[in-house]
Amino acid sequence: MSTSSNPTPSPDTAREGYDRDRQVRVAVLGVGMMGQDHARRLATLTVGAELVAVSDVDVARTDAVAAEFGVRAIHDPKAAIADPEVDALVIATPGFTHEELVLLALEAGKPVLCEKPLTTSPETSRRIVEKEAELGRPLVQVGFMRRFDTGYQQLRSLIESGEYGAPLFLHCAHRNATTPPNFSSEQLMLDSVVHEVDSVRFLTGEEIVAVRVIAPRSTTAAPEGLLDPQFVIMETESGVLVDVEIFVNTTFGYEVRTELVAEKGQARIGLHEGIVTQSAAGWGGSITKDFKERFGAAYDLEFQRWIDAVRAGTNVDGPGVWDGYAAAAVCAAGVESLKTGQRVEVDLGARP
Ligand SMILES: NC(=O)c1ccc[n+]([C@@H]2O[C@H](COP(=O)([O-])OP(=O)(O)OC[C@H]3O[C@@H](n4cnc5c(N)ncnc54)[C@H](O)[C@@H]3O)[C@@H](O)[C@H]2O)c1
């Protein structure tokens, strides 16, 4: 089963029907950490996009970011969605607000790039899948940016080529230096492993059918009560076994790696980012600080491809609402498994 209507973004098809004169006027909703980064990207880098407005419930923050980029401050995000001078929206508000804002954008018929997660539960994500299906055309892209990272694209192509035979295992590690205050044990799945969930679906082209989460002893660096690290085991529909070490208080850096074990070969991505040195002082490399550094180029490409798709009238060139829904369903199963210690099956139901 294909896991996406458009799993392998293609620059050539995205450029078909391109309207060179059309600038897409974009408003960014939520200008915290990610929203400010995306506003800068749209204002300075993305060809064919014009950042026209920012909107955040934090009025002072909206005004400050609007002034920084010389764009309109719209204090009510719903007014920004309805604004006739806004063609498309980036949603970078917290996950619990996404359902309402995405549904409003769908009602307004405006293309959206919604940061992950699409929503915080499978039920609410499913509502968006159904709403978009009713409209009969894709409008919502979900911010799973790893699909635009060169390493992930190369690994997917390798699996797809069949050169190494069928994939058997994917061994993944996802490590962060520290967590924000009040980060909960469930958030390891919902905020971090959600990226592995989408990556596995992207790499294998298969749905994930079962999840089990095991919590070993916690690191002393984790805040009191936080189960960190955790070990997540996922099964795909053809029986590929995936393990994810999720460890979010390593104290020193950011690392995301994946190893494929297939019938006739193995491949690894994410082991050494940036420069690797060798001298009398020894052999070594640099440590990536955070995800913005590790995936900076992927975010840039994600935004360019999205704007290209909006200009071409196809609106989505990457993960869509079904991908967001599937990720939400797998993560909900993971949270249940963390609580019960049991293997939990995932049933996505029929795709509209
Ligand atoms: N793709 C990635 O790698 C990645 C990385 C980090 C965060 N994210 C996602 O990006 C989103 C934002 O995360 P963040 O870390 O920037 O959060 P943040 O807390 O730094 O910023 C969120 C902003 O949204 C504003 N806000 C809250 N409710 C709002 C509403 N109803 N309308 C308008 N604005 C509202 C807040 O005032 C704040 O300024 C989340 O969905 C998060 O999961 C994605």
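This is a predicted model: local features need pLDDT of at least 70, side-chain atom pairs count only at pLDDT 80 or more; totals for chains, interfaces and linings use all residues.
Residues are numbered from 1 along each chain as its sequence is written, and side-chain values use heavy atoms, without hydrogens or water. Local features need pLDDT of at least 70 and side-chain atom pairs count only at pLDDT 80 or more, whereas totals for chains, interfaces and linings use all residues.

A backbone N or O atom of Lys116 is 2.9 Å from a ligand oxygen atom. The side chain of His98 places an N or O atom 3.4 Å from an oxygen atom of the ligand. At Gly143, a backbone N or O atom lies 3.5 Å from a ligand nitrogen atom. On its own, the ligand has 860 Å² of accessible area, of which the protein covers 79%. These areas come from the Shrake-Rupley method with a 1.4 Å probe.

The largest nonpolar core holds 77 residues. A nonpolar core is a set of buried Ala, Val, Leu, Ile, Met, Phe, Trp, Tyr and Cys residues joined through side-chain atoms within 4.5 Å. Buried means under 20% relative accessible area, exposed over 50%, and partly exposed in between (1.4 Å probe, protein chains only). Val140, Met189, Val197, Val211, Val232 and Met234 touch the most other members. Helix α11 (residues 321-340) gives the largest share, eleven residues. Helices (H or I, at least four residues) and strands (E, at least two) are DSSP runs, numbered from the N terminus. Domain 1 (11-145 + 297-319) and domain 2 (150-294 + 329-345) both contribute to this core, so it lies between them. The domain bounds come from an automatic or database assignment.

Two cis peptide bonds were examined. Lys116 and Pro117 are joined by one, with omega near -5 degrees. Pro117 sits in the loop between β5 (112-114) and α6. The bond between Asp228 and Pro229 is also cis, with omega about 10 degrees. Pro229 belongs to the loop between β8 (208-214) and β9 (230-236).

Positive phi values occur at two asparagines. Asn182 has phi near 65 degrees and lies in the loop between β7 (167-175) and α8 (187-204). Asn182 is exposed, at 75% relative accessible area. Asn315 has phi near 70 degrees and lies in the loop between α10 (296-312) and α11. Asn315 is buried, at 6%. Most residues other than glycine have a negative phi, and most peptide bonds are trans.

Arg127 lies in α6 (residues 122-135) and is partly exposed at 45% relative accessibility. Leu188 lies in α8 and is buried at 0%. Leu188 and Thr62 are 126 residues apart in sequence and 29 Å apart in space, C-alpha to C-alpha.

How values were computed. A polar contact is a pair of N or O atoms within 3.5 Å; within protein, one must be able to donate a hydrogen and the other to accept it, and residues adjacent in sequence count only if both atoms are side-chain atoms.
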